[in-house]
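Below are some notes for a colleague who is opening this entry for the first time. Please read them with the structure in view.

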Amino acid sequence: MADLEHFKVKFDPAFTKAYNVRNNRYRYFRWTPRTAFLTIMFVGVVPSIFTAMAYSTDGKWDMRAKRRGDDMREY
């Protein structure tokens with residue numbers, strides 16, 4: 001950081017450490033059972049749940065051109 005002579009506030013060591021760990025996360029990453037489980041959950045299971053929900057409700061509701069008193073269900 002250039003020209004910090006006027007900056008009189010001391011940096012918090014905990015924030016500096018957290019900043020460095022976040023920037024170098026790829027160096028410290030290890031595949032553990034926990035990280036493998038979380039990766040499978042967020043890459044595979046969660047999107048498949050949303051996909052199944054989307055396909056199961058596809059075409060059941062029509063939100064366009066409805067008037068007061070009309071039923072939203074189409075099935």
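**Notes on the model**

1. Val45 is partly exposed, with a relative accessible area of 31%, where partly exposed lies between buried (under 20% relative accessible area) and exposed (over 50%), using a 1.4 Å probe and protein chains only. Val45 sits in helix H3.

2. This is a predicted model, in which local features need pLDDT of at least 70 and side-chain atom pairs count only at pLDDT 80 or more, while totals for chains, interfaces and linings use all residues. Residues are numbered from 1 along each chain as its sequence is written, and side-chain values use heavy atoms, with hydrogens and water left out.

3. The chain holds 3 helices and 0 strands, in the order α-α-α from the N terminus on; helices (H or I, at least four residues) and strands (E, at least two) are DSSP runs, numbered from the N terminus.

4. Of the 75 residues in the chain, 3% are buried. The accessible surface comes to about 7700 Å², and 61% of that belongs to carbon and sulfur atoms, the areas coming from the Shrake-Rupley method with a 1.4 Å probe, where for residues only the protein chains shown count as cover.

5. Val45 also takes part, together with Ile40, Ile49, Phe50 and Met53, in a nonpolar surface patch of about 480 Å².

6. Trp61 lies in the segment after helix H3 (33–56) and, at 43% relative accessibility, counts as partly exposed. The C-alpha atom of Trp61 is separated by 9.0 Å from that of Asp71, which is 10 residues apart from Trp61 along the chain.

Methods. Patches are made of residues with over 30% relative accessible area and no salt bridge: like charges are joined within 9 Å, nonpolar side chains (Val, Leu, Ile, Met, Phe, Trp, Tyr) within 5 Å. A salt bridge is a side-chain nitrogen of Lys or Arg within 4 Å of a carboxyl oxygen of Asp or Glu.
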